[in-house]
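Please keep the structure in view while reading.

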Amino acid sequence: MNYLTFENVSRSYGDRVLFSDITLHINKGEKVALVAENGTGKSSLLRIITGEEAPEGDRAKVFIHPNIKLGYLQQEPDLNPDFTIYESIYESDNKAIVALKNYEKLLLTKSDDADAIQKALEEVELHKAWEKESEVHEILNKLSLQDLKLKVSKLSGGQKKRLALAKLLIDEPDLLILDEPTNHLDLKMIEWLESFLSRPGLTLFLITHDRYFLERVCKVIVELSNGRLHKYQGNYSEFLEKKLTRETNEGIRFEKGKKLFKSELEWVKRQPKARGTKGKARVQKFQDLRTELSGHKEKDEISINIKPERLGSKILELQYISKSYDDFVLFKDFHYKFKKKDRVGVVGPNGSGKSTLLEVIAANLPPDKGKVVHGETLKIGYFKQSGLNVPEDKRVLDYIREFAEYIPMEKGKKLSASQLLEQFLFPPTQQQVYISKLSGGEKRRLYLLSILIQNPNFLILDEPTNDLDIVTLNVLEDYLIDFPGCLIIVSHDRFFMDKIIDHLFVFRNGGKIIDYPGSYSDFRDDPDMNETGKKPVEKKAITEKNKNNSAPETAEARETKKQINQIERSIKKLESEREKILGVFESGGLAPGEIVEWSEKLSVVKGEIDSLEEKWMELVD
């Protein structure tokens with residue numbers, strides 16, 4: 001059964017065409033994700049589907065089956081500010097919810113109409129409303145919305161988003177359209193939502209940049225690229241494989257098309273203005289070929305070898321810091337001394353104190369007890385969740401130049417503000433655009449760049465991945481992997497965390513922070529970790545150091561694991577480089593001098609791999 005169809009849908013703003021004549025069909029039970037770069041029209045497409053905007057063109061068609069109920073989660077939820085959480089949830093046309101509401105109303109008003117109470121009770125039984133009530137409480141509890149008397153006007157932005165999501169899941173629409181559903185959810189909430197949406201029979205159309213979510217929930221991925229829609233059957237990993245195949249084929253066609261274009265251009269130039277029918281048809285084919293070639297974008301791999309301010313031997317030390325609000329202890333007696341190239345992730349439930357810890361580390365907020373010591377050479381770059389306050393009346397390039405004209409690189413080279421913008425997907429034309437014209441994700445990317453160009457040697461990133469598209473995330477990940485300074489990151493993006501960090505600060509009950517030696521996936525799958533954060537005695541958490549500074553034996557284990565993780569990443573990079581060099585040999589056509597040059601490069605890479613593998617074996621032993 002077809003739930004949703006849009007055909008020949010287009011959208012443009014002035015001379016800028018977002019997409020043209022795109023078509024998609026979604027059937028019952030399909031779980032479809034839309035991926036695209038920021039600013040390419042994802043949100044515009046959702047607004048067209050939900051009827052907020054009209055599609056362009058006489059041939060455009062948007063069909064939603066008349067017998068289905070559609071539910072839409074917007075990035076900015078539309079909720080009644082005068083309602084409580086309870087009233088918002090029960091403002092529903094779901095039959096089970098209506099039956100519950102009517103029954104409870106009779107009980108609250110102490111009605112003596114026995115027939116009305118009996119009829120209401122029968123409706124409750126008919127629609128299995130007791131089961132629904134249990135589900136309502138489960139969803140609200142999982143999304144941390146326990147205070148049902150709290151008014152919507154008093155909720156934070158994240159709480160409103162979670163309430164809108166809870167309301168939608170409870171309403172049980174036939175087709176769920178979700179715009180970034182994982183934003184403002186902590187890691188446990190995301191994993192619960194994954195499980196909930198993976199139920200058979202649910203029909204989804206969603207936008208998300210969470211790659212694990214795409215991998216585990218979605219069975220169809222559509223990519224909006226260069227104004228066209230490409231559909232792939234399968235989850236995220238299958239999407240990557242099929243996308244690579246398509247782009248490889250397109251690259252081959254592009255090279256052939258360029259040769260054909262040159263010959264056709266010569267023919268067009270030679271022909272007289274008056275042409276016959278065959279000549280006109282050939283000219284039309286030439287015009288179509290030019291249009292196709294103009295939409296082709298060649299993407300280079302990004303490598304930015306930055307040279308930040310030098311870090312001294314003393315970087316940053318947290319000396320048994322504590323912080324509480326009223327009677328609620330966020331963290332207590334936490335001690336940690338940062339080392340060079342430290343890469344730390346911070347995880348914990350919403351409201352546990354993750355952002356507060358970052359504020360204390362940055363010396364923007366004093367601890368209640370303890371001390372934060374900054375080294376003399378420390379230069380912090382701090383990306384805040386709430387820091388998106390870019391001036392709307394400035395051009396993109398002018399704004400970045402206010403912070404610095406360039407960023408220093410290795411070997412005395414410099415990367416200009418314009419070049420850095422281009423590396424982070426702001427082409428020269430967009431650098432001259434006013435910030436007011438950017439999408440929300442583009443503004444967030446620009447704010448991030450305003451921090452990076454100041455060349456910090458210690459990065460504090462609080463939810464940097466919110467509203468960033470997958471392409472931008474890959475660029476940011478490449479940048480951070482090569483970043484030679486220290487990193488501490490709060491993020492709900494598990495894929496991002498697994499790729500970047502070496503160990504975790506894990507918030508637990510009672511203000512305890514555990515330093516866990518491994519990635520988020522390691523931690524999540526560790527059978528020895530329980531809700532209290534305690535491990536068996538022989539695997540005691542490694543941050544619990546004696547206050548007399550005697551280093552426990554497990555500190556060495558943590559350092560060893562970090563080194564192993566770093567070596568594995570380096571080996572993976574070198575193996576990729578080795579494959580590229582072998583590809584050069586396989587392509588043939590090398591001159592004798594070039595063969596010698598490439599052979600020397602291959603020998604160096606192999607030597608580095610062998611050396612690292614030996615070191616890896618020693619550490620593992």
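## Strands and helices in the model

Strand E8 (residues 220–225) pairs with E9 in the antiparallel sense, over six bridges. Within this pair, Ile221 has Tyr232 of E9 as its bridge partner. The model is predicted.

Both strands belong to an open sheet of six strands, in the order E5-E6-E7-E3-E8-E9, and the pairing is mixed. E5 and strand E9 (228–233) each have a single partner strand and stand at the edges, so one side of each has no neighbour in the sheet. From one strand to the next, the twist averages 15 degrees.

| Strand pair | Sense | Bridges | Residues opposite each other |
|---|---|---|---|
| E5 (residues 70–73) and E6 | parallel | four bridges | Leu70 and Leu175 |
| E6 and E7 (residues 203–207) | parallel | five bridges | Ile177 and Phe205 |

Is strand E6 mostly covered or mostly uncovered? Strand E6 (residues 175–179) is mostly covered, with five of its five residues buried. Leu175, Ile177 and Asp179 point one way from the strand, while Leu176 and Leu178 point the other way. The residues on both sides of E6 are all buried, Asp179 included.

Helix H1 (residues 42–49) lies across strand E3 (31–36), E5, E6, E7 and E8. The helix runs at about 145 degrees to E7.

The next part concerns two other helices. The axes of helix H5 (residues 129–142) and helix H6 (residues 157–171) come within 10 Å, and they cross at roughly 155 degrees. The crossing of H5 and H6 is right-handed.

Which residues make the contact? On H5 they are Lys132, Val136, Ile139 and Leu140; on H6 they are Ala166, Leu169 and Ile170. Sorted by class, the contact of H5 with H6 has six nonpolar residues, no polar residues and one charged residue.

Technical notes. Residues are numbered from 1 along each chain as its sequence is written. This is a predicted model: local features need pLDDT of at least 70, side-chain atom pairs count only at pLDDT 80 or more; totals for chains, interfaces and linings use all residues. Side-chain values use heavy atoms; hydrogens and water are left out. Axes are lines fitted to C-alpha atoms, for helices over the stretch in contact, and angles run from 0 to 180 degrees between N-to-C directions. A crossing is left-handed if the near helix is turned anticlockwise from the far one by less than a right angle, and right-handed if clockwise. Contact means heavy atoms within 4.5 Å. Ala, Val, Leu, Ile, Met, Phe, Trp, Tyr, Cys and Pro count as nonpolar, Asp, Glu, Lys and Arg as charged, and the others, Gly among them, as polar. Buried means under 20% relative accessible area, exposed over 50%, partly exposed in between (1.4 Å probe, protein chains only). Two strands pair if DSSP finds at least two bridges between them.
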